[in-house]
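Work through the exercises below with the sequence and the structure beside you. Try each task before you read its solution.

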Number of protein chains: 2
Amino acid sequence: MAPKWRQLADEFAHQIRSGDLREGDALPQIRDLTAQGRGSTTTVQAAYRALENEGLVRIVRGRGTYVRRQRRRIVRQSQSRYQWEKDRALLPEDERRKTGVTEQETGLRTPQLAFHASYQVRKAPPEIAARFGVSPDAQMLHRHYRTSSRDDTAPVSLVDSWIPYSVAAKNPELLDSGREPWPGGTMHQLATVGVELGEITDTISARPPTAQETTALDLPPGTSILVLHKASYTLDGDLIEFSEVILPGDRVEFLYRIPLKRWPTS
Amino acid sequence: MAPKWRQLADEFAHQIRSGDLREGDALPQIRDLTAQGRGSTTTVQAAYRALENEGLVRIVRGRGTYVRRQRRRIVRQSQSRYQWEKDRALLPEDERRKTGVTEQETGLRTPQLAFHASYQVRKAPPEIAARFGVSPDAQMLHRHYRTSSRDDTAPVSLVDSWIPYSVAAKNPELLDSGREPWPGGTMHQLATVGVELGEITDTISARPPTAQETTALDLPPGTSILVLHKASYTLDGDLIEFSEVILPGDRVEFLYRIPLKRWPTS
């Protein structure tokens, strides 16, 4: 049997998720719930704090507890996503322009998405140089992306991407952030300089957000972030692009399918 | 250029990771560092707090800052792991007994691992009933596992596993927790009741630990947990086992390889 505060929290969580309580609605005042015999002040406070930590409500001191805007859950399925991106890179520009992977994933149309890109040519930081197996003096194209839903205001992800400058510079358009969002994305950009990807690896870890990430992603208190390290390899197995993708743990999950080989029939 | 506290924190983090500073070593007193002109009290405190949040040191109020035991990093590679488990389920018992997946993954030998299993037959909680598509009255075998490294004291993972009772009961040995660790694990257990797995899906999310999880996994402050929902399907695509695996974010990362199909040569 769950403790009383947890039961109370679950009851309100259910009302919020089912839509019985909606964005901006006030939860009952603590004194009203205690008067109704729903639990002590401590119990109700613990329940409301749990709901706040789960990102469902906002507690405004001296006023009350209010339902937050419920964010769209995003399931990131890298296996189908990356192959879809690769196939799309071969399509004519007007086809590529129609939709990108973020639209596909979030179910939002392009006008609902706000996209920011900034580019910088700089020396590889030591951990990036080590990944690419280049000297720390090697020049890299460092790209930063932030994609938001206009409905949601908060970004869906923060991305830092690294490509060797010597590769990107083969097509000067790849050095111009003004061309973003590039129809067909990184896979098409790389295709313009003769690179076809053979494999991508996803490495996933979790940590608490920094203060800067909390602000940038508008994270409710008690949210963790998922850190995706995405490494793209050429057909020859050379690392050609590396991204760190910061995703809000209250909205995003990863899904991988692992088919298994049949047992031999004997 | 990173802020001064970050540079200072990175310097000590490097010394800890390289082994120049070892478990139990004291970091310099704050007043000594400020006297050496390494930064203000605020700067040094911020650096030490960042190291504590990253799990590298322990701050003991009024005494000093000490290097924590550095935990083994575990890279969980589900794709090779699950196929390896499936292949192993066909081996004779003495082969299966030799090593399990945790040993393979952590590089530890069986005597260094402490393993606890507890079993319970109970009604499916609503979210489990919904996953299996059974009524909430359906009986399930609920198994809880906790695996620790004797070196580390803290568990590597906490696992809650669910199997329909009607499936498990076909082999009464599957209802006896005293038979754990079962040589060959769940894949072999299922094989004894005629079940071959066709696919497993991993769904990964992140959240802050509960107070109970912080204690059970001995988590340093400022650690997130990774939550793996592992769903095992039969060859016919029916869900046959579902596990929630709680993994400490300061020690574990997931790695998936996504090979891409070649572009057609035209």
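Is E93(A) buried, partly exposed or exposed? With a relative accessible area of 39%, E93(A) is partly exposed, where buried means under 20% relative accessible area, exposed over 50%, and partly exposed in between (1.4 Å probe, protein chains only).

Before going on, note that this is a predicted model, in which local features need pLDDT of at least 70, side-chain atom pairs count only at pLDDT 80 or more, and totals for chains, interfaces and linings use all residues. Residues are numbered from 1 along each chain as its sequence is written, chains are lettered from A and ligands numbered from 1 in the order in which they are written, and side-chain values use heavy atoms, with hydrogens and water left out.

**Exercise 1. Describe the salt bridge of R97(A) and its setting.**

Step 1: R97(A) forms a salt bridge with E93(A), and their closest N and O atoms are 2.3 Å apart; a salt bridge is a side-chain nitrogen of Lys or Arg within 4 Å of a carboxyl oxygen of Asp or Glu.
Step 2: Both residues lie in helix 5 (residues 93-98) of chain A, four residues apart, which is about one turn of the helix; helices (H or I, at least four residues) and strands (E, at least two) are DSSP runs, numbered from the N terminus.
Step 3: R97(A) is exposed, since its relative accessible area is 53%.

**Exercise 2. Examine the pair E241(A) and R143(A).**

Step 1: E241(A) forms a salt bridge with R143(A), with the closest N and O atoms 3.9 Å apart.
Step 2: The pair links distant parts of the chain, as E241(A) is in strand 9 (residues 239-248) of chain A and R143(A) is in strand 5 (residues 139-149) of chain A, 98 residues apart.
Step 3: Both E241(A) and R143(A) are buried.

**Exercise 3. Relate chain A to chain B and describe the contact between them.**

Step 1: The same surface serves both copies, because 100% of the contact residues of chain A recur in chain B.
Step 2: The contact takes 43 residues from chain A and 43 residues from chain B.
Step 3: About 3,800 Å² is buried between the chains, and carbon and sulfur atoms give 62% of this area; buried area is the accessible area (1.4 Å probe) that two parts lose on being put together, summed over both.
Step 4: There are four salt bridges between chain A and chain B, and E199(B) and R257(A) meet in a salt bridge (3.1 Å, N to O).

Notes
Copies are superposed by least squares on the C-alpha atoms of residues with pLDDT of at least 70 in both. Contact means heavy atoms within 4.5 Å.
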